[in-house]
Amino acid sequence: MNQPCTKKHILIVNQSAPYSSSNAKESLDIALAAGTFEQTVSILFTGDACYQLLPNQTPETINSKNLCQMLKVLPIYGIDELLVDEQSLLSRNITHLDKDLAVRKISQQEIHALYQSTTTVFRF
């Protein structure tokens, strides 16, 4: 007998700077794949990954795709929980995020609770 597919809550934790490696792009690929299969996906930006959320990026100068533009299409795939670590923003003096992204700032306590409530965690 076929059992119904249970929905997972997947947390993707981005820790890498946007263009220093393929980590940021690979994390978005996983998010899109999970969203396609109607899984619940949250993406947390912490550490240097906060730089992915800055406006006016020009990665074309280094022959790369604009990750911020890719983040903007995530809601089409049912991924609308973009979170950023408040402490990471403060320690990097980041005060302005791309206004077209619906990103919610969360505390260390909220991050801990998020880890507790997820089924699967991917770190990049």
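How much of the protein's accessible surface belongs to carbon and sulfur atoms? The answer is 51% of about 7400 Å², with areas from the Shrake-Rupley method using a 1.4 Å probe and, for residues, only the protein chains shown counting as cover.

## Ground rules

This is a predicted model, so to speak of local features takes pLDDT of at least 70, side-chain atom pairs count only at pLDDT 80 or more, and totals for chains, interfaces and linings use all residues. Residues are numbered from 1 along each chain as its sequence is written, and side-chain values use heavy atoms, with hydrogens and water left out.

## Overall layout

Starting at the N terminus, the elements go β-α-β-α-β-α-β-α-β, which gives 4 helices and 5 strands. These are DSSP runs numbered from the N terminus: helices are H or I with at least four residues, strands are E with at least two. The radius of gyration is 15 Å, close to the 14 Å from the globule rule for 124 residues, so the protein is as compact as a globular protein of that length. Here the radius is taken over C-alpha atoms, and the rule is 2.2 Å times the number of residues to the power 0.38.

## The cores

Of the 124 residues, 40% are buried, meaning under 20% relative accessible area, while exposed is over 50% and partly exposed lies in between (1.4 Å probe, protein chains only). A nonpolar core is a set of buried Ala, Val, Leu, Ile, Met, Phe, Trp, Tyr and Cys residues joined through side-chain atoms within 4.5 Å. The largest one has 24 residues, and Ile12, Leu28, Val41, Ile43, Phe45, Leu71 and Leu74 touch the most other members. E1 (9–14), H1 (23–36), E2 (40–45), H2 (67–72) and E3 (81–85) each put in at least two residues. A separate core of 7 residues includes Leu11, Val13, Leu44 and Leu114.

Setting aside neighbours within four places in sequence, Leu71 is in contact with Leu28, Phe45, Gln52, Leu53, Leu82 and Leu101.

## Two residues to look at

Val84 sits in strand E3 and, at 0% relative accessibility, counts as buried. Beyond neighbours within four places in sequence, its contacts include Leu44, Phe45, Cys50 and Arg104. Its C-alpha is 9.3 Å from that of Ile111, 27 residues away along the chain.

Ser64 is in the loop between E2 and H2; with 29% relative accessibility, Ser64 counts as partly exposed.

How values were computed. Contact means heavy atoms within 4.5 Å.
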